[in-house]
Amino acid sequence: MNRKFLMPVIIICSIGWIAYFLKYKAIRQPTEVILKNSKYTVGEITSDDYGDRRYAKGNDYTFRYGGGTIRKGHQNGEFINGRKYLVVYDSTDIRNGYLILDKFDITDSLEKYHVHKNYDYYDVGWSLPNIPFKYDKSDIEYEVKMNLRSE
């Protein structure tokens, strides 16, 4: 194959892949946009806090949303490995971001209110007024707003 033809094709394909990733696959840091269509679900901490990594300090977590899609995230906070916490996400477009709330450990509440796993993950998504746990909803909303990135 001719090198004069091959290099432009590689460059065009690379630019196309980057544009596709940024438009359709990239998850942004959550901003106020998340509040319009927010849903809450169960996130499980899957790692201990690691602070010695150069750029990725904090804990890893996983959660399920929107019909079974599994997401993994990473965030700083006061988390305990294996415990479950509330996760907020944009129910209409996950690319608008998500975050896990370290102030709301719901591990014990899940059993108390009979919320169970469905194939290794919790398959739930509550609006703020419908969260079944006994937390002040204004405290949850305040915590979400405090963790959002300003636009």
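In the predicted model described here, a polar contact of 2.7 Å joins the side chains of Asn-96 and Asp-90. A polar contact is a pair of N or O atoms within 3.5 Å; within protein, one must be able to donate a hydrogen and the other to accept it, and residues adjacent in sequence count only if both atoms are side-chain atoms. Asn-96 is found in the loop between strand E4 (84-90) and E5. Its relative accessible area is 13%, so Asn-96 is buried (buried means under 20% relative accessible area, exposed over 50%, and partly exposed in between, with a 1.4 Å probe and protein chains only). Apart from neighbours within four places in sequence, Asn-96 is in contact with Arg-28, Gln-29, Pro-30, Thr-31, Val-33 and Asp-90, where contact means heavy atoms within 4.5 Å.

Residues are numbered from 1 along each chain as its sequence is written, and side-chain values use heavy atoms, with hydrogens and water left out. Because this is a predicted model, local features need pLDDT of at least 70 and side-chain atom pairs count only at pLDDT 80 or more, whereas totals for chains, interfaces and linings use all residues.

The chain contains three helices and five strands, and from the N terminus on its elements run α-β-β-β-β-β-α-α. Helices (H or I, at least four residues) and strands (E, at least two) are DSSP runs, numbered from the N terminus. Of the 151 residues of the chain, 34% count as buried. Among the contacts with a separation of 6 or more, 61% are accounted for by residues 24 or more positions apart.

Two nonpolar cores are described next. A nonpolar core is a set of buried Ala, Val, Leu, Ile, Met, Phe, Trp, Tyr and Cys residues joined through side-chain atoms within 4.5 Å. The largest has 19 residues, and those with the most contacts inside it are Tyr-40, Leu-86, Leu-101, Trp-126, Ile-131, Phe-133 and Ile-140. Strand E1 (38-45), E4, E5 and helix H3 (137-147) each give two or more residues to this core; the largest share, three residues, comes from E5. Beyond its neighbours within four places in sequence, Trp-126 is in contact with Lys-39, Tyr-40, Thr-41, Val-42, Leu-86, Val-115, Ile-131, Pro-132 and Phe-133. Another core, of eleven residues, lies apart from the largest one and includes Phe-63, Phe-79, Tyr-98 and Ile-100.

Empty space was also examined. Rolling a probe the size of a water molecule over the atoms shows where empty space is left. On a 1 Å grid over the protein atoms alone, a cavity is a set of points where a 1.4 Å probe fits but cannot get out, and a pocket is an open set with protein on both sides within 12 Å along at least five of seven lines; lining residues have an atom within 4 Å of a point. Grid points are joined across faces, edges and corners, and a volume is the space filled by probe spheres set on the points.

The largest pocket has a volume of about 290 Å³. It is lined by 13 residues, of which Gln-29, Pro-30, His-74, Gln-75 and Tyr-98 are the closest to its centre. Two or more lining residues come from each of strand E3 (69-75) and strand E5 (98-105), and the largest share, three residues, comes from E3. The lining divides into six nonpolar, five polar and two charged residues. In this classification, Ala, Val, Leu, Ile, Met, Phe, Trp, Tyr, Cys and Pro count as nonpolar, Asp, Glu, Lys and Arg as charged, and the others, Gly among them, as polar.

The structure holds one cavity of 30 Å³ or more; the volume of the largest cavity is about 40 Å³. Val-42, Gly-43, Glu-44, Thr-62, Phe-63, Arg-64, Asp-120, Tyr-121 and Tyr-122 line the largest cavity, with at least two residues supplied by each of E1 and strand E2 (59-65). By class, four of the lining residues are nonpolar, two are polar and three are charged.

Three further residues complete the description. Thr-69, in strand E3, is partly exposed because its relative accessibility is 35%. The C-alpha atoms of Thr-69 and Asp-123 are separated by 9.5 Å, although the residues are 54 apart along the chain. Lys-145, in helix H3, is partly exposed at 46% relative accessibility; Lys-145 and Ile-34 are 111 residues apart in sequence and 9.7 Å apart in space, C-alpha to C-alpha. Most residues other than glycine have a negative phi. His-114, which is not a glycine, has a positive phi of about 55°. This residue lies in the loop between helix H2 (107-112) and H3, and His-114 is exposed, with a relative accessible area of 61%.
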